[in-house]
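Q: Hi! Could you walk me through this one while I have it open?
A: Happy to, just pick a spot and ask.

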Amino acid sequence: MNNQEYIEAVKLLNKWAYHYYVLDDPIMTDEGYDKLYHEVLEYEENHKEEVLKDSPTQRVGDIVSDGFTKEKHISRMWSLEDIFNEDDLDKWLTKTYKLDSRISFYCEPKYDGASLDLVYENGELIKGITRGDGVEGELITQNVKTIRSIPLTIEHKGLIEIRGEVVIFKDEFEKINEERLKKGEALFANPRNAAAGSLRQLDPSITAARNLVFLPYGLGENELPEKLLHDKMEYIYSLGFRKPPVSAVCKNKDDIQEIYKEMVANRDSYSMMLDGMVIKVDEISSQIDMGYTVKVPRWAVAYKFPAVEKITTVKDILLQVGRTGAVTPVAVVEPTDIEGVVVERATLHNFDEITRKDIRLGDKVIILRSGDVIPKIIKVLEHERTGNEVEVHRPTECPVCGSELLQEDVLIKCQNLECNARVVNSIIYFASKPCLNIDGLGNKIVEQLFNEHLVKSVLDLFSLTKEQLLELEGFKEKKAQNLLDAIANAKGSELWRFINSLGIEHIGEVASKMIAAKFGLKFLEIHKEDLLEIDGIGEEMAESFLEFLRVNEETIKELLEVIEPLEPELREEAHENPFKAKTVVLTGTMSESRGAIKEMLENLGAKVSGSVSKKTDFVIYGEDAGSKYDKAVSLGVATLTEDEMREMV
Ligand SMILES: NC(=O)c1ccc[n+]([C@@H]2O[C@H](COP(=O)([O-])OP(=O)(O)OC[C@H]3O[C@@H](n4cnc5c(N)ncnc54)[C@H](O)[C@@H]3O)[C@@H](O)[C@H]2O)c1
Ligand SMILES: [Zn+2]
């Protein structure tokens, strides 16, 4: 890097940071940003006299945007130095031990969200401020008050700044994006941007709707007496803040490596996105001695996890026709390694998504793979375009059967019931895990059976013979027998599996279970009113279910004869009693297990719920009843001891 390149690099980093911090819509991966950042850092170390004042190494990144009032932090907020591997860790430890050799470490997750400073005085939350440039941030108290994991009052009376990260849990993020997809709104790129964007809304009601979560990780101004950081944090948790899902006090490097590996291995199982682990010196007096650089504390470091976002190129867009006829585009991308898995495809949800993101063949894009979910394209790098990229057009004909496609809101559908793709996919669905769970009947075999004209519908599966199978390529005695056994095994499956396997639109596993439990094998004879009686089944679902039964009655009857699903035990209509049709909550230790008492009450026709609300009719409590009992009292809900309950029945 020469001086000219250095100046350019600083400009580029600042541009990326603007999109990241201010617009909450990054145009570079963290990995790409970090790489250039470290090149800049290295250049600066060798050319100290050339360091630019606006270099991102010289200041905390966030920029305070207009629209909010600026507010100073009582004590400064900082960024973190980052390290990426064991070598880096060794270097960091050597450097840190030189400052003080008698230290231990507190390790906790590095949450991927937005930082927030909370100021409490006289036990009351008085301010919420974003990190900003570390000295001053945006005053967002009204938004912060909508976050339920932030207590509005705490028992601690002194002036205290509690710092932490605001995040959106992964499942909530998926939910928000699903809803946005349905409404045709732009999707959030990742949970971090969703959290940061939701926190910095000018309208607090938008923030309130997003289910943000606050996780404390440290303190600013405070007069807490504890000498160790982790003791201070325990005190903070005891004030009503959330604990980290994992944390550890470490004596040495081995301990640090062990907890790091554990966090990386369990990364997908945590509710929130983590992008690393933060290692902090546990002794507060040592922290004070070590102090800060212009940007980061010398007593802490972020040990980053392998990146889950990478840059790749779109090579092709395939069209998949599902069992309902919905045509979904799938991107074929240049194979890219993400955490040891080679990614070759990415979902695109629908064509609106392609149009909105303006994805073209040949585009450089950012893909995200986290957990088991299918990788997705989150962004096109428009500034990387060469002009040779090719636009993608909405299809008008089914790529499989050629019939005209129906454009239904954001969905594009093949309407041909006999379209090969629809038939094959409904057979695959029929055999899948949450349905009849037929082992060995995966995509490839179903396609083979279909192409060889052995199976044209699910019913045909049950008349397959060994002779037929043995004629197929790849089938020997054992494989053929296993498949026939697996198909035979599907006979006598639970009824809810049978209902689910029909693949009725809007009727998934949960609805199938409810329908099976309520109506048993009589489900063919029910009316709309009967269905609507079930909590959780609405108009659209009921209509879809009944319409499907009407059209496919014959086939369903034939299938019932072949499969003979197992009817669940139906609960008899309960006799009249004080708990019939009442909502009941159990709490505390009882004379029998909670499960047994729950069953007894359910047999009496009660609905047993896990949480107390105004709609609760009774809270029945045993010994050591806690917050549920208190809540019942405060809401004026009737409370009964176990004995009182038993006397009433
Ligand atoms: N993609 C882009 O274009 C782009 C642009 C700018 C920055 N970035 C990303 O942001 C990083 C730099 O941002 P930064 O300066 O905010 O630093 P950082 O986000 O890497 O680390 C500091 C922050 O981590 C957060 N944090 C989470 N858990 C924590 C814990 N347990 N203890 C302490 N802090 C915790 C805090 O909010 C703290 O302010 C870069 O490394 C890069 O990954 C990306
Ligand atoms: Zn078709």
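Q: Let's start with β13 and β14: parallel or antiparallel, and over how many bridges?
A: This is a predicted model, and in it β13 (residues 327-338) pairs with β14 (residues 341-347) in the antiparallel sense, over six bridges.

Q: Which residue of β14 is the bridge partner of Ile338?
A: Val341 is the partner of Ile338.

Q: And how many residues sit between the strands of that hairpin?
A: Two residues lie between the strands, and Glu339 takes a positive phi near 50° in this hairpin.

Q: What about Asp358, what is its phi?
A: Asp358 is not a glycine, yet its phi is positive, about 50°. You'll find Asp358 in the loop that runs between α11 (351-357) and β15 (364-368).

Q: Changing topic: how is the chain split into domains?
A: The assignment gives domain 1 (3-58), domain 2 (70-304), domain 3 (309-413), domain 4 (420-563) and domain 5 (583-648). The C-alpha centres of domain 3 and domain 5 lie 51 Å apart.

Q: Which domains give at least three residues each to the shell around ligand 1?
A: Domain 1 (3-58) and domain 2 (70-304) each do.

Q: Which residues come nearest to ligand 1?
A: Trp16, Tyr20, Asp30, Ser79 and Ser115 come nearest, out of 24 residues around ligand 1. As for elements, α1 (3-22), α2 (30-46), β3 (105-111) and β8 (213-219) are the ones giving two or more residues to that shell.

Q: How many residues of that shell are nonpolar, polar and charged?
A: Twelve are nonpolar, five are polar and seven are charged.

Q: You mentioned β3. How many bridges join β3 to β10?
A: Seven, with β3 and β10 running antiparallel. One pair to look at is Tyr106, which stands opposite Lys280 in β10.

Q: And how many bridges join β10 to β11?
A: Five bridges join β10 to β11 (residues 300-304), again antiparallel. There, Ile279 stands opposite Val301 in β11.

Q: How many residues of β10 are buried?
A: Seven of the eight residues in β10 (residues 274-281) are buried, so that strand is mostly covered.

Q: Now the cysteines. Which ones does the UniProt "binding site" annotation cover?
A: The UniProt annotation, from an unreviewed entry, covers Cys398, Cys401, Cys414 and Cys419.

Q: Where is Cys398, and what is it in contact with?
A: Cys398 is in the loop between β16 (376-380) and β17 (405-408). Setting aside neighbours within four places in sequence, Cys398 is in contact with Val321, Ser403, Leu405, Cys414, Asn416 and Cys419.

Q: Why does Cys398 count as buried?
A: Because Cys398 has 24 C-beta neighbours inside 10 Å, and 20 or more is the cut-off for buried.

Q: And Cys419, where is that one?
A: Cys419 is in the loop between β18 (411-414) and α12 (420-431). Cys419 has 19 C-beta neighbours inside 10 Å, so it counts as partly exposed. Beyond residues up to four places away in sequence, Cys419 touches several residues, including Gly325, Val400 and Cys401.

Q: Which residues does UniProt give for the "domain: BRCT" feature?
A: The unreviewed UniProt entry places the feature at residues 574-649. Over residues 574-649 the chain is 34% helix and 21% strand, with the end C-alpha atoms 12 Å apart.

Definitions and conventions:
Residues numbered from 1 in each chain as written. Chains lettered and ligands numbered in written order. Predicted model: local features only at pLDDT ≥ 70, side-chain atom pairs only at ≥ 80, totals over all residues. Domains from an automatic or database assignment. UniProt positions renumbered as here; feature names shortened; annotations may be inferred. Helix = DSSP H or I, 4+ residues; strand = E, 2+ residues; numbered from the N terminus. Buried ≥ 20, exposed ≤ 12 C-beta atoms within 10 Å, placed from the backbone. Contact = placed C-beta atoms within 7 Å. Near = placed C-beta within 6 Å. Nonpolar A, V, L, I, M, F, W, Y, C, P; charged D, E, K, R; others polar. Pairing = 2+ DSSP bridges.
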